[in-house]
Amino acid sequence: MQAIVMHETGDPDVLRYEEADRPELGDGEVLIRVHAASVNPVDWKYRRGFVETPLPTVLGNDISGTVEASRADGFAEGDRVFGISASGGYAEYSTASAAAIARKPEAVSHEQAAAIPVAGLTAWQALLDRGGLQGGQTALVAGAGGGVGHLAVQFAKLAGARAIGVGSTRNRDFVLGLGADEYVDYTQQDVGEAVSSADIAFDAVGGDTTASLLPAVREGGILVTIAGAPPEEAAREREVRAELMVMSPKSEQLAQIAELVADGDVRVEIAEAMPLTDVKRAHELSESGHVRGKLVLTLAV
Ligand SMILES: NC(=O)c1ccc[n+]([C@@H]2O[C@H](COP(=O)([O-])OP(=O)(O)OC[C@H]3O[C@@H](n4cnc5c(N)ncnc54)[C@H](OP(=O)(O)O)[C@@H]3O)[C@@H](O)[C@H]2O)c1
């Protein structure tokens, strides 16, 4: 098969389009002919060597495609599925555990479906599972224009909460258009001064942003970060819980999110869909840290 293989860490140039062996199918897994894959920031973090991985490797977690062979109950050849790859998504074929995939609804394209898994599960689990967001509460979402953040804003609204997005000037109308009740432009305003009583702050940015959200959270509230170390001591002083959350693949949640997209209740923003062979450009864009929504790689099938 053709795949993007990384033999060493470094600049986007280390990503090479070449012939590779098809991944072997294990028990409980399906082999998927990949129609679309999406790029997440963790991909360039692996590429840079910030996260260790054995080499050579095929990067990419998010895939959507057609089952070619199955050794898993509940999935058969020809099923359209999407989810999290086990063998690497930037390839013509990829394996996935049955627990990490779900059926793709007809009304959702492969491009949209490939954009959902990591971003959707992370937003869902951070706000609803870890954050326990309830109707009537206020959720502050930092990085609201990004892959995870734009879905988090919409999940908060669907939960009946008030959503306040944080992002740059260019994403104001986009985030308000997703249903956010308010927007804080971090290039103009300090979020801790603009907001004071959020029940949950969700940090999809990291760095200095994480601690800057603390003054925006009410006493007894929670700061959930997905992008770095939580500021535990400063949080304790303010009587706020601060926690790092790491996403787990969950088939039922994937199915729930895809239904919301199929029904038109959630919009998946695709910044750009480009051929797999444009992966270097996709990585450059992702590494810039300012993508709106998701970057998708498509494969000719
Ligand atoms: N722990 C986990 O399980 C997990 C899972 C998924 C992702 N992550 C991590 O979470 C982070 C976000 O992922 P993603 O896929 O959403 O990334 P992304 O698509 O690159 O989005 C990042 C967004 O952050 C915004 N941003 C940049 N600086 C900001 C600031 N100072 N304040 C507010 N917004 C800012 C950017 O928009 P503007 O142009 O408006 O600045 C951009 O839209 C990454 O670090 C990723 O590795 C962790």
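This is a predicted model: local features need pLDDT of at least 70, side-chain atom pairs count only at pLDDT 80 or more; totals for chains, interfaces and linings use all residues.

Trainee: How do I describe two packed helices?

Mentor: You give the angle between their axes and the distance between the axes. Here, helix 1 (residues 41–48) packs on helix 10 (residues 279–288) at an angle of about 105°, and their axes are 9 Å apart. Angles of 65 to 115 degrees count as roughly perpendicular, so that is the word for helix 1 against helix 10.

Trainee: Which residues of helix 1 and helix 10 meet?

Mentor: From helix 1 you have Pro-41, Asp-43, Trp-44 and Arg-47, and they meet His-283, Ser-286 and Glu-287 of helix 10. By type, the contact has three charged, two polar and two nonpolar residues.

Trainee: Now the sheet. What is the order of its six strands?

Mentor: Read across, the order is 10-9-8-11-12-13; the sheet is open and the pairing is parallel. On average, neighbouring strands are turned by 15° against each other, ignoring direction.

Trainee: What joins strand 11 to strand 12?

Mentor: Five bridges do, between residues 198–203 of strand 11 and residues 217–225 of strand 12. For a spot to look at, find Asp-203, which stands opposite Thr-225 in strand 12.

Trainee: Which strands does helix 3 lie across?

Mentor: Helix 3 (residues 117–130) lies across strands 8, 11, 12 and 13, running at about 155° to strand 11. Helix 4 (residues 147–158) lies across strands 8, 9 and 11, at about 175° to strand 8.

Note on methods. Residues are numbered from 1 along each chain as its sequence is written. Axes are lines fitted to C-alpha atoms, for helices over the stretch in contact, and angles run from 0 to 180 degrees between N-to-C directions. Helices (H or I, at least four residues) and strands (E, at least two) are DSSP runs, numbered from the N terminus. Angles under 35 degrees count as roughly parallel, over 145 as roughly antiparallel, 65 to 115 as roughly perpendicular and the rest as oblique. Two residues are in contact if their C-beta atoms, placed from the backbone, lie within 7 Å. Ala, Val, Leu, Ile, Met, Phe, Trp, Tyr, Cys and Pro count as nonpolar, Asp, Glu, Lys and Arg as charged, and the others, Gly among them, as polar. Two strands pair if DSSP finds at least two bridges between them.
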